[in-house]
Amino acid sequence: MRLLVTITLFILSISIKTFACTNLIAGKLATVDGSTMVTYSADSYSLYGALYHFPAKTYPPGTMLDIYEWDTGKYLGKIKQVEKTYSVIGNMNENQVTIGETTFGGRPELCDTTGILDYGSLMYIALQRSRTAREAIRIITSLVEEYGYRSEGESFSIADPNEVWIMEMIGKGPKNKGAIWVAVRVPDDCISAHANQARITTFPFDDRNNCLYSVDVIAFAREQGYFKGKNKDFSFSDTYAPLDYGALIACEARVWSFFRQTNPEMEKYITYIKGETTERMPLWVKPAKKLSVQDMKAFMRNQFEGTEFDMTKGLAAGEFNSKLRLSPLSFKVDSVEYYHNRPIATQQTGFSFVAQMRNWLPPYVGGLLWFGVDDAATSVYVPMYCGINNVPECFSEDNGSLLEYSPTSAFWIFNQVSNFAYPKYSLVMPDIKKVQQHWETNFHTMIPSIDKTVTGLPETNARDILTTFSHTQASNVTAAWKKLSEFLLVKYLDGVVKREENGVFKQNDRKIPSGIIRHGYPEEYLRQIIKDNPGMKAKTQEELNNRKSMEETNN
């Protein structure tokens, strides 16, 4: 019998990083409705899934802004506040500017711990101050020049209703203000992605309409001895964040899983992902067909299904094909280091979203942040309009925490369902997907009528309606997921399955279940159990009689 160990055991001789967030990107001519789209999964075991809100404000001259590190909450210092800020819901502002990120680390000696601005602060400050993606890039880069950049290498997705950019940035080392960076616009008819590895290689120096960069991006590399070739051959990624095998299998593989589903030609790069060939994937590709927002949600739920890396197959998936892999990604056996795969959809997601920016609508209507908490595979993307006045209580960052359970927090209620599902994955996921699809299908039928209702209304009235709508959907979904959690507990109690039809359990007039399914183990596991325990075989009556006869003879 063959039990595939598709945790993918790869021998590594690299240092271990923390692999986290994923961004998928689509230009406006690559989508079915002409919207630009950016997805983001904020993946961290120390991140509480919540929808952030920064209300629009006006400040008096001389106001200073306190900066706290996004990951730790540590106070870093002060910067000058601007006179007017824009409202931000999650990672999208009221002008439909959206920013996501993934950390790639890069050369560790370039991290400047004396800088005031970390990557998270830069994202949310830029969102509060920008009207376009280009302006957000200018704000981020000018801020680090003035106050210093504190984080490791970072890759940002920065978008508005017309343009989508990837910007990659790394510091200059301790007590050296500023940063080295390059930003490239993704062509309107293409898609792109980045997942904890710098992906910009060579770039067009003379195309200032589609490529921006720090003036010393090459000169600094030469000074540090990182690069000695011709300018035309300079690669940002290869210079400032050289690839190792961990970056291929845990990071670039996620990009490949997205690309291969949108363009069959990308299938060939599996050899690159496995370290067998060196030709890098392109920064962007043209999809074989235009993508919908529903497609982007499905891509965010990818677990390498249909590939040799499928997380729901093999020994590590257990008897019920669970995608869950216990942390850390690396482990050692007999002093040899191995690695688990890392899919886009993962259990440590705090929150994720699919941002949709639509230029044919008023900005406060056109921006839709399809928002979900916890693992994207078991969550629901709820429509949050960027023009809403505040966030629903169930998504509030003040409602519970990682160390404080709240019965009204969507994060905790969705985690109840996903964590119940992991041990019984193949059995429970059909029940979850049924409810998931029901809600998301309903949302997509509602949105056109909501758009039509509020377009043309006074802005204040429109924002009130959008707020009520978004709050209602979030509340309804959270209540539905609480009910789903209770349903799953009843259905799968004590390792058996109660028969049901359309969500109603079959029972007699005494409310006793009519029929229990004892699903047992899959045959391949039963064969393994027999192999490991040869004495388990049941004795036939003839064997028992023979045993008895032998004992009587011996006596």
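Predicted model: local features only at pLDDT ≥ 70, side-chain atom pairs only at ≥ 80, totals over all residues.
**View 1. The hairpin of S17 and S18, with Asp334 between the strands.** Strand S17 (330-333) and strand S18 (336-339) have Asp334 in the loop between them, and the two strands, which run antiparallel, are joined by four bridges. Among the bridged residues, Val333 has Val336 of S18 as its partner. Two residues separate the strands of this hairpin, and Asp334 takes a positive phi of about 55° although it is not a glycine. Most residues other than glycine have a negative phi. Asp334 is counted as exposed because its relative accessibility is 72%, the cut-off for that class being over 50%.

**View 2. Gln96, another residue with a positive phi, in the loop between S9 and S10.** The loop that holds Gln96 runs between strand S9 (92-93) and strand S10 (98-105). Phi of Gln96 is near 70°, a positive value in a residue that is not glycine. Whereas Asp334 is exposed at 72% relative accessibility, Gln96 has a relative accessible area of 2% and is therefore buried.

**View 3. The open sheet of seven strands.** The strands follow the order S16-S14-S1-S2-S19-S20-S21, and their pairing is antiparallel. At the edges lie strand S16 (284-285) and strand S21 (382-385), each of which pairs on one side only. Helix H7 (residues 293-300) packs on the sheet and touches strand S1 (23-26), strand S2 (36-43), strand S19 (349-357) and strand S20 (367-373), with a direction that makes about 160° with that of S19.

**View 4. Strand S1 and the strands that pair with it, S14 and S2.** On one side, S1 pairs with S14 in the antiparallel sense over four bridges, and Ile25 has Ser192 of S14 as its bridge partner. S1 is also joined to S2 by two bridges, again with the strands running antiparallel, and here the bridge partner of Ala26 is Met37 of S2. Within S1, Asn23 and Ile25 point one way while Leu24 and Ala26 point the other way, and all of them are buried.

View 5. Strand S14 (residues 191-194) pairs with S16 in the antiparallel sense over two bridges, and Val285 of S16 is the bridge partner of Ile191. Asn263 itself belongs to the loop between helix H5 (245-262) and helix H6 (270-273), and with a relative accessible area of 11% it is buried.

**View 6. Two cysteines, Cys21 and Cys251, that are not joined by a disulfide.** A search of the whole structure finds zero disulfides. For Cys21, the nearest cysteine sulfur is that of Cys251, 11 Å away.

**View 7. Helix H10 packed against helix H9 and against helix H11.** Two packed helices are described by the angle between their axes and the distance between the axes. Helix H9 (residues 410-421) and H10 pack at an angle of about 145°, with their axes 8 Å apart. Their contact is made by Val417, Phe420 and Ala421 of H9 together with Tyr425, Val428 and Ile432 of H10, and the residues of this contact divide into six nonpolar, no polar and no charged. Helix H10 (residues 425-454) also packs with helix H11 (residues 459-491), in this case at an angle of about 170° and with the axes 11 Å apart. H10 is therefore roughly antiparallel to H11, since angles over 145 degrees count as such. In the contact of H10 with H11 there are 19 nonpolar, three polar and two charged residues.

How values were computed: Residues numbered from 1 in each chain as written. Heavy atoms only, no water. Axes fitted to C-alpha atoms, helices over the stretch in contact; angles between N-to-C directions. Parallel < 35°, antiparallel > 145°, perpendicular 65-115°, else oblique. Nonpolar A, V, L, I, M, F, W, Y, C, P; charged D, E, K, R; others polar. Pairing = 2+ DSSP bridges. Contact = heavy atoms within 4.5 Å. Buried < 20%, exposed > 50% of the residue type's maximum accessible area, 1.4 Å probe, protein only. Disulfide = S-S within 2.5 Å.
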